[in-house]
Amino acid sequence: MNLSFAKFHSVLILQSAIVSMVYDAFRKQKELNLMLGLQSKVEIGGRGGFIFNTKHGRPIMPAGVNSFLKNIVNAYNEKENILAANEKREPELMPHISSHILRHTGCTRLGENNVNPKVMQYVMGRWMSFECKSK
């Protein structure tokens, strides 16, 4: 599928705006961490300066994210069950969500927007190339 120059240009402008918004959000979070004394004190694989940290200055791990997501879903579903019962209808419950599901959702959205597979591999942290073998 070929993108017209105008569509390609508008996609680049949108991506640029999103990158700018994400950068600003990360910068603000880092400033907040500094004010609250929550700077990352850990290096993992030679990398440091993590933005999302525990109160002890360690980066939040996937299990912590999963616990947070589970609490959000449970709280929503609990309120939805009560609301549905009061309104005499079936509840519309949220399904289980995990950091891995969010990762796959992000990758799916990249594919839906015709992002180059090599770029997707890079973004997803798949540094190795994958070979397709035909029979």
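Colleague: How many helices and how many strands are in the chain?
Modeller: This is a predicted model. From the N terminus on, its elements run α-α-α-α. The count for the chain is 4 helices and 0 strands.

Colleague: What share of the residues in the chain is buried?
Modeller: A residue is buried when its relative accessible area is under 20%. The chain has 135 residues. Buried residues make up 13%.

Colleague: Among contacts between residues at least 6 apart in sequence, what share joins residues at least 24 apart?
Modeller: Contact means heavy atoms within 4.5 Å. Take the contacts in the chain between residues at least 6 apart in sequence. Those that join residues at least 24 apart make up 16%.

Colleague: Are helix 3 and helix 4 roughly parallel or roughly antiparallel to each other?
Modeller: Helix 3 covers residues 99-112, and helix 4 covers residues 117-124. Their axes come within 10 Å and cross at roughly 160 degrees. Angles over 145 degrees count as roughly antiparallel. The two helices are therefore roughly antiparallel.

Colleague: Is the crossing of helix 3 and helix 4 left-handed or right-handed?
Modeller: The crossing in question is that of the axes, at roughly 160 degrees. For helix 3 and helix 4, the crossing is right-handed.

Colleague: Which residues of helix 4 make the contact with helix 3?
Modeller: On the helix 3 side, the contact is made by Arg103, Cys107, Leu110 and Gly111. By class, the contact has 5 nonpolar, 1 polar and 1 charged residues. From helix 4 come Met120, Val123 and Met124.

Colleague: Why are the buried residues of helix 4 on the same side?
Modeller: In helix 4, the buried residues are Met120, Gln121 and Met124. They sit on the same side of helix 4 because they cover an arc around the axis of only 100 degrees.

Colleague: Against which helix do the buried residues of helix 4 pack?
Modeller: Helix 4 has two sides to look at. Lys118, Tyr122 and Val123 are exposed on the other side. The buried residues of helix 4 pack against helix 3.

Colleague: Is alanine 63 buried or exposed?
Modeller: Alanine 63 lies in helix 2, residues 62-86. Its relative accessibility is 58%. The cut-off for exposed is over 50%. Alanine 63 therefore counts as exposed.

Colleague: How far apart in space are alanine 63 and serine 98?
Modeller: In sequence, alanine 63 and serine 98 are 35 residues apart. In space, go from C-alpha to C-alpha. That distance is 8.9 Å.

Conventions: Residues numbered from 1 in each chain as written. Predicted model: local features only at pLDDT ≥ 70, side-chain atom pairs only at ≥ 80, totals over all residues. Heavy atoms only, no water. Axes fitted to C-alpha atoms, helices over the stretch in contact; angles between N-to-C directions. Parallel < 35°, antiparallel > 145°, perpendicular 65-115°, else oblique. Left-handed = near helix turned anticlockwise from the far one by under 90°. Nonpolar A, V, L, I, M, F, W, Y, C, P; charged D, E, K, R; others polar. Buried < 20%, exposed > 50% of the residue type's maximum accessible area, 1.4 Å probe, protein only. Arc of directions from axis to C-beta.
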